[in-house]
Amino acid sequence: LMEIRGVDGKGILDLTDEELDVVEKKLAAGNIGISAIGSPIGKIGIEDDFAPHFEKFKRAVEIAKKLHTTRIRMFSFYIPENYVAADCRSEVLFRTEAMIAEAAHNNITLLHENEKGIYGDNASRCLDLMQQFAGKHFSCTFDFANFIQCGQDPLEAYEMLSPYISYVHVKDALFATREVVPAGTGDGHLPEIFQKLDASGYHGFLSL
C-alpha cells in the first residue's frame with residue numbers, strides 16, 4: 001500500500017483525468033493499493049476564501065474514488081500570527097463540518113493530521129476536533145515529528161488521542177532543534193507508543 005501525495009513532480013490534486021488514468025493503470029500493474037490520498041486540504045489560512053478550496057476538496061474526493069481508497073488526509077487551517085487559535089475555532093469547525101458532510105455523502109473518511117501552525121497543531125485542539133466530529137468519517141492521523149515541532153510531547157498527545165487514531169505517520173524529531181531524524185532516534189517515544197498501540201489492539205495504518 002502507498003499513501004499517495006504526488007506523481008512526477010505534481011501534487012496529487014493537480015493531476016488531470018488523463019494523468020490519473022495512467023496512475024491507476026500503473027498501480028494496478030504493480031499490484032499497489034492506496035492507503036490514503038495525502039492531500040493538502042486544509043493547508044490554507046483560516047481567512048482565505050473557503051469556496052474554491054471546498055471545490056478542491058471535492059476534487060480530492062473524486063480522486064480517492066478513482067484510486068480506490070476511502071481515506072483522505074487533511075488539515076485544520078493555518079492560524080494567522082495576529083490571532084490566537086481560540087478566535088478561529090468557530091470558523092474551523094464550520095469548515096471541517098462542511099467537509100465531513102461531503103465526505104459522509106461519498107463514504108470517505110477524513111484523516112486529520114496534526115501540523116505546526118494549524119488549529120489542530122497540539123493535542124488539546126486535536127482532541128477538540130475529535131470530540132466534535134470523530135466517527136466513521138473523521139478520525140486522527142498521529143504524526144510524532146509534527147507534534148515535536150510545535151513543542152507537544154507525543155506521549156502526552158497519544159494518551160489524549162488514542163481512542164481516535166486510525167493512521168500513524170512513522171516520523172521522529174528532536175525537541176532541541178526540531179529536526180526530523182530517523183524513526184526511533186528522536187524524542188518521539190516511538191517504541192513506547194508502538195507498544196501501547198499494539199496492546200490496544202490497533203489495526204490502522206502505519207505510514208513510513
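## Exercises on helix packing and a buried histidine

The buried residues of α4 pack against α3, β6 (109-113), β7, α5 (144-149) and α6 (154-161). The model used in these exercises is predicted.

**Exercise 1.** State which residues of α4 are buried.

**Exercise 2.** Decide how helix α3 lies relative to helix α4, and describe their contact.

*Solution.* Step 1: locate the helices. α3 covers residues 89-105 and α4 covers residues 123-133.

Step 1: take the geometry. The two axes are 11 Å apart, and the helices pack at an angle of about 50°.

Step 2: classify the angle. An angle under 35 degrees would be roughly parallel, and 65 to 115 would be roughly perpendicular.

Step 3: α3 crosses α4 in a right-handed sense.

Step 4: list the contact. α3 contributes Arg89, Val92, Leu93, Thr96, Glu97 and Ile100, while α4 contributes Asp128, Leu129, Gln132 and Phe133. By class these residues are 5 nonpolar, 2 polar and 3 charged.

**Exercise 3.** Carry out the analysis for helix α1 and helix α2.

*Solution.* Step 1: α1 spans residues 17-29 and α2 spans residues 50-66. Their axes come within 11 Å and cross at roughly 30°.

Step 1: angles under 35 degrees count as roughly parallel, so α1 is roughly parallel to α2. The crossing is right-handed.

Step 2: on the α1 side the contact is made by Asp17, Leu20, Asp21 and Glu24, and on the α2 side by Arg59, Ile63 and Lys66. The classes here are 2 nonpolar, no polar and 5 charged residues.

**Exercise 4.** Is histidine 137 buried or exposed, and what does its side chain reach?

*Solution.* Histidine 137 sits in the loop between α4 and β7 (138-143).

Step 1: compare with the cut-off. Buried means under 20% relative accessible area. Histidine 137 has 16% relative accessibility, so it counts as buried.

Step 2: find the side-chain partner. The side chain of histidine 137 reaches the backbone oxygen of isoleucine 108 at 2.9 Å.

Step 3: list the surroundings. With neighbours within four places in sequence left aside, histidine 137 contacts Ile100, Ala103, Ala104, Asn107, Ile108, Thr109 and Leu110. Ile100 of α3 also takes part in the contact with α4.

Definitions and conventions:
Residues are numbered from 1 along each chain as its sequence is written. This is a predicted model: local features need pLDDT of at least 70, side-chain atom pairs count only at pLDDT 80 or more; totals for chains, interfaces and linings use all residues. Side-chain values use heavy atoms; hydrogens and water are left out. Axes are lines fitted to C-alpha atoms, for helices over the stretch in contact, and angles run from 0 to 180 degrees between N-to-C directions. Helices (H or I, at least four residues) and strands (E, at least two) are DSSP runs, numbered from the N terminus. A crossing is left-handed if the near helix is turned anticlockwise from the far one by less than a right angle, and right-handed if clockwise. Contact means heavy atoms within 4.5 Å. Ala, Val, Leu, Ile, Met, Phe, Trp, Tyr, Cys and Pro count as nonpolar, Asp, Glu, Lys and Arg as charged, and the others, Gly among them, as polar. Buried means under 20% relative accessible area, exposed over 50%, partly exposed in between (1.4 Å probe, protein chains only). A polar contact is a pair of N or O atoms within 3.5 Å; within protein, one must be able to donate a hydrogen and the other to accept it, and residues adjacent in sequence count only if both atoms are side-chain atoms. Angles under 35 degrees count as roughly parallel, over 145 as roughly antiparallel, 65 to 115 as roughly perpendicular and the rest as oblique.
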